Amino acid sequence: MKTLRQRYSVPLTIMMLVVAFLCVFPIIWLILSSFKQPNELFSYPLHLFSADPTLVHYQNILDDGFMRYVYNSFFLAIVGTLITLAISSLCGYALAIYRNELKYVNFVFGIFLLGTLIPGETLTIPQVSVISALGLYNNIFGVILPVVTSTTGIFLFRQSYMSLPSSFVEAARIDGANEAKIFTRVMMPLQTSSFVTLTIFSFMWRWNDYLLPMLVLSDQDNFTIQVAIRNYIGTTRIDWSSVISSSVVSMIPVIIIFVILQKYIIGGISAGGVKA
Amino acid sequence: MRIKHSSLKHTKAFWLFVTPSLALFTIFFLVPFVLSIFFSFTDYDGWKTMNFVGLNNYKAVLKDSYFWDAIGRTLVYTVFSLPFRVFLPLIIAVFACSRKVAMKGFIRTLIYIPVLLSSLVVGVTINWMFSTEYGLVNYIIQSLGFQPLDWALNSKLATFVISFASNWSSLGFNMILYIGGIKSISGEMYEAAEIDGSSPLQTFLRITLPLLAPTTFLVFFLSSINLLKEYAVVQGITQGGPGVRTVFIIQYIITSGFSQMQYGYGSAISFIIAIFFAIIAFLQFKLSNKGGENV
């Protein structure tokens, strides 16, 4: 007890707690606002808590068909993540395992490196042309397929399979396993933590995707939550009631995932370069 | 004979494993990149017209004052935001690693939470606090007896709000990068400093800061790139207003391409900006390698 008292400084701890609280305060303020009566939102004095909490803002977006957007966002995030996991684990694995056997492996790796040089945002105009040419305009797959190739995911798997001794693969080959079986039965089960890390990040990236969905999903039935929020913001006057409640809904899944799976997220960033 | 057979099998397996990623990457990244070069020499309107116009688009870009304004604005915004973006998370990370601070895990978790929000929602959340009428910040300002500020109609204040939102949402991420860097510094260094009677400030300036240089460098470059391509946060706050006073370069590309149906012209701008980003990324690669050699 005595050592504890010596170790921790109360003023420093309080200062850091205040900083941390200030960081989440804007989010708390938005959440508390979402339960206020419309007249409480737009009149002074402001209060932290509503005198008469209401769900009217949530009712507004439900009446607008918000569940459809929630469904589309989940579809984008889940299907996008499954494809990303499948193709980047295969690709990263191949780039790691065959790097000493085949000459052009590093050349292929170099092609993917190009993707890290240029931000996708600068290529949206021709990307939308390609999406349209493939008949994917206003189709949820038009915003899934362009973004599922994740250089981060490929790097992550390449790195983690390079850390395994190559004797694993050689032993399995001697036992007569074919290349596909070696991947699915021997190597894949050894990298569950990479799968978990990429699942979390990919889900959050796709859930928060904004630019391409906004440009490609023109029909209201196909809107994701992010596109719907932008639509509520409008061009002249913001529909705050809908913007606030839909923003709060959009935070729920990512915050739940973070609270449960924190260590994978922090680990993924510290281990090197998984971008948030 | 046997070796040749098995290496052929491995070649097949390699291409089979790589093709899904490579095909999608080619269709949605390499092809668009080549297309953007191609479009940039035409007057394509995204619909029917497409004539070869030579270098006209590029000549027009150089004379386009809106383009240069957008570039200038983006650079000013980036330079203004960078110090906060790079040093604030560093200071917070130092305290979030300090032996003297209790509940470190809880503190880091709270600071990280804003990183989880989409950029659009980051914009919305901060915009709601800075709303000119009935916003919390103006309410506090008025309660203290000052005049409320016109956060949306004054272009400097509007830029400040965007910068505030963007720096707020990246604070936790950069803090985690710094914490990783601090943890990799050997504890013996700090013990030796403590034995020698070094003050906390001296320890920070003489040990933490110099040894963290590679992390600081990483944060500096990641932040520069993210600030230069700021887009979604702005959509949640000003959508480019007042007028075009907060239109940054990515928004300018998108507006000229889609809203004004000038795919060819937009592509020329895209290509110039893409090359600009590629140069920054290349410099980062070169400089960080060099830094590694020197250490």
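A:Tyr93 is a buried residue, with 25 other C-beta atoms within 10 Å. (Buried means 20 or more other C-beta atoms within 10 Å of the residue's own, exposed means 12 or fewer, and partly exposed is in between, with C-beta atoms placed from the backbone.) This is a predicted model, so local features need pLDDT of at least 70 and side-chain atom pairs count only at pLDDT 80 or more, while totals for chains, interfaces and linings use all residues. Residues are numbered from 1 along each chain as its sequence is written, and chains are lettered from A and ligands numbered from 1 in the order in which they are written.

**Around A:Tyr93**

- You'll find A:Tyr93 in helix α5 (residues 66–97) of chain A; helices (H or I, at least four residues) and strands (E, at least two) are DSSP runs, numbered from the N terminus.
- Leaving aside neighbours within four places in sequence, A:Tyr93 is in contact with A:Phe157, A:Tyr161, A:Phe183, A:Met187 and B:Phe17. Here, contact means that the C-beta atoms of two residues, placed from the backbone, lie within 7 Å.
- A:Leu156 is 63 residues away from A:Tyr93 along the chain, and their C-alpha atoms are separated by 9.7 Å.

**Chain A as a whole**

- Chain A has 15 helices and 0 strands.
- Its radius of gyration is 24 Å, well over the 19 Å that the globule rule gives for 276 residues, so chain A is more spread out than a compact globule. (That radius is taken over C-alpha atoms, and the rule is 2.2 Å times the number of residues to the power 0.38.)
- Along the principal axes, the C-alpha atoms of chain A fill a box of roughly 75 × 70 × 30 Å.
- Of the 276 residues in chain A, 44% are buried.
- Take the contacts in chain A with a separation of 6 or more: 72% of them are between residues 24 or more positions apart.

**Where the two chains meet**

- On chain B, 76 residues are in contact with 76 residues of chain A.
- Helix α1 (residues 2–39) of chain B supplies the largest share of chain B's side, with 22 residues.
- That side of chain B has 55 nonpolar, 17 polar and 4 charged residues. (Ala, Val, Leu, Ile, Met, Phe, Trp, Tyr, Cys and Pro count as nonpolar, Asp, Glu, Lys and Arg as charged, and the others, Gly among them, as polar.)

- The axes of helix α15 (residues 240–270) of chain A and helix α5 (residues 119–129) of chain B come within 10 Å and cross at roughly 130 degrees.
- That makes α15(A) oblique to α5(B); angles under 35 degrees count as roughly parallel, over 145 as roughly antiparallel, 65 to 115 as roughly perpendicular and the rest as oblique. Axes are lines fitted to C-alpha atoms, for helices over the stretch in contact, and angles run from 0 to 180 degrees between N-to-C directions.
- The contact residues are A:Val243, A:Ile244, A:Ser247, A:Ser250 and A:Met251 of α15(A), plus B:Val121, B:Val124, B:Thr125 and B:Trp128 of α5(B).
- By class, this contact has 6 nonpolar, 3 polar and no charged residues.

- Most residues other than glycine have a negative phi, and most peptide bonds are trans.
- The bond from A:Tyr44 to A:Pro45 is cis, with omega near -5 degrees.
- Another cis peptide bond joins B:Gly241 and B:Pro242, with omega about 0 degrees.
- B:Tyr134, a residue other than glycine, has a positive phi near 65 degrees. B:Tyr134 is partly exposed, with 16 C-beta neighbours inside 10 Å.
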